[in-house]
Amino acid sequence: MLFRSAKGLGGIKGVQGQLEEFTGGPQTILVLGSDKRPDIEDTGRSDTTMLLRIDPDQDAIALLSLPRDLKVNIPGNGVGKLNDAYTVGGPKKTLEVVKQLTGIQIHHVVNVDFKGFEQAINAIDCVYVDVDRDYFHTNEGLAVSDYYSEIDINAGYQMLCGDRALQYVRYRHTDNDIVRAARQQDFLREARQKIGPSRLFNDRDELLKIFTRYTTSDIDDPISLKQVLETFLGAADAPVKQIHFQGTLGESYVTASNEQIKTAVEQFLGIQDTPGSLEDEGKGGGGGDKKPEKKGDKKPQGEIAPELIDSAGAGVAFADRFAPAVGFPVFYPTKLVPGSQIIDESREYKIADEDKNVHTAYKLVFSVPGSAVPFEYYGLMGTTWTDPPIIDNPTETREIGGREYMLFYDGDRLRLVAWKTDEAAYWLNNTLTQTLEEDEMIAIADSMAEVAPPKEKKKKK
């Protein structure tokens, strides 16, 4: 009954001749996000192009985002941007261009339009995300020609559902393709956290219904769908490895050399994390030749500490303001990376957990000049929700300065540093493109001071 009623099965026609037959082992899926809606006649436009590789043998999942403005040759249409391929010929033409560009054998194509994305996120009961900064735009008072998607999402850890989740992953007007791709990958990481190994096994029928109801794909029979699910189950607890596409940002296009494309493909097929930050992609090379340091390696004794600036004065001012409102100790960094500022997008607020229990929380937002965008943002969260999903499954734990930290890595990059007290959980998050070095993240976390709430406001245990 599930397969007879599924809208998504066989919805993408004419691509079978370009796809590889699955005979076991890893599967590679081309995932497209499009702005086609049911009430629009045209083909629509491609908003996102990703390659997903699931390899149960290596217990790993790789994700490679291709920039929408990437300069490509569109067969029969000449040179254009990658997202133009979708406008010219939908998923079929996009598949043709991606295969020509990368040489990767692809087993399936999945397309998710805006409405389908919103409904799918709601169907998995939304996703908790640590939003790096305020995102706001209104079209009020603008000429129609200047309209773009409205958004109003504050900084901080929160649940994103439906249209707000779509607004967040699509936003690009003050960012670029690199930052936008990083935001999308961050969101997908947290969505994957939401659908962990136990849910993949226990709720597989429900997840199949979500897939077939809210996506369109080339899969037109139950056997193929079962094969995809079994591949996912084989890598149920695998980390998502982000492969950085190394290109150069220009005024009109993102360009990439044959060598840069080859490097990305080799890392994708081998499921190897790309060394360096995602921001390196926009510098014409990207850290591809850099040898990653082993996670957890301690610097030799006597090595020079990272250069940091004093932030104690600004930090304590925010902490003094937030502590009475949240009712638990507010940590703040006394050191930050050069160029950083604690900005007014910092806030205290309330957050409901998955059982609808309401917790107090605060978010400190730090801006730092970027190389390809004016500013990037990293931040510190604190909340009485002591077991939020974002700090599940650390890569390792390490004692530094008498405190035990949970460390979360993406390849050679330290993405998040977390710790707990009896009253709250805290974490320091890197920028979306992970520009802060490991020693900087550790030093900032180790510099934390705290302000206790007034005794009369302190919550009872």
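Colleague: What does Cys161 count as, buried or partly exposed?
Modeller: This is a predicted model: local features need pLDDT of at least 70, side-chain atom pairs count only at pLDDT 80 or more, and totals for chains, interfaces and linings use all residues. Residues are numbered from 1 along each chain as its sequence is written, and side-chain values use heavy atoms, without hydrogens and water. Buried means under 20% relative accessible area, exposed over 50%, and partly exposed in between (1.4 Å probe, protein chains only). Cys161 has a relative accessibility of 25%, so Cys161 is partly exposed.

Colleague: Which cysteine forms a disulfide with Cys161?
Modeller: A disulfide here is a pair of cysteine sulfur atoms within 2.5 Å. The structure holds one. The sulfur of Cys161 lies 1.9 Å from that of its partner, Cys126.

Colleague: What is the handedness of the disulfide of Cys126 and Cys161?
Modeller: Look at the torsion about the S-S bond. The value is about 110° for Cys126 and Cys161, so the disulfide is right-handed.

Colleague: How many residues apart in sequence are the parts that Cys126 and Cys161 tie together?
Modeller: Helices (H or I, at least four residues) and strands (E, at least two) are DSSP runs, numbered from the N terminus. Cys126 lies in the loop between helix 3 (114-123) and strand 7 (127-131). Cys161 lies in the loop between strand 10 (156-160) and helix 4 (162-170), so the pair joins parts whose separation in sequence, in residues, is 35.

Colleague: Which residues have the most contacts inside the largest nonpolar core?
Modeller: Such a core is a set of buried Ala, Val, Leu, Ile, Met, Phe, Trp, Tyr and Cys residues joined through side-chain atoms within 4.5 Å. The largest has 45 residues. Those with the most contacts inside it are Phe117, Leu160, Tyr168 and Phe187.

Colleague: The charged end of which residue sits over the ring of Tyr168?
Modeller: The rule asks for NZ of Lys or CZ of Arg within 6 Å of the ring centre and within 35 degrees of the ring normal. Tyr168 touches Asp186, Phe187 and Arg183, among others (contact: heavy atoms within 4.5 Å). At 5.7 Å from the ring centre, the charged end over Tyr168 belongs to Arg183.

Colleague: Where does Lys81 lie, given its salt bridge with Asp69?
Modeller: The side chains of Asp69 and Lys81 meet at 3.8 Å, N to O. The pair links distant parts of the chain. Asp69 is in the loop between strand 3 (60-66) and strand 4 (71-74), and Lys81 is in strand 5 (residues 78-81).

Colleague: How many aromatic pairs are there?
Modeller: Rings of Phe, Tyr and Trp (its six-membered ring) pair if their centres lie within 6.5 Å; planes under 30 degrees apart are stacked, over 60 edge-to-face, the rest tilted. By this rule the count of aromatic pairs is 16.

Colleague: What is the angle between the planes of Phe331 and Tyr426?
Modeller: Phe331 and Tyr426 are both buried. Their centres are 4.6 Å apart, and the pair is edge-to-face, with the planes at 80°.

Key
A salt bridge is a side-chain nitrogen of Lys or Arg within 4 Å of a carboxyl oxygen of Asp or Glu. Lists of a residue's contacts leave out its neighbours within four places in sequence.
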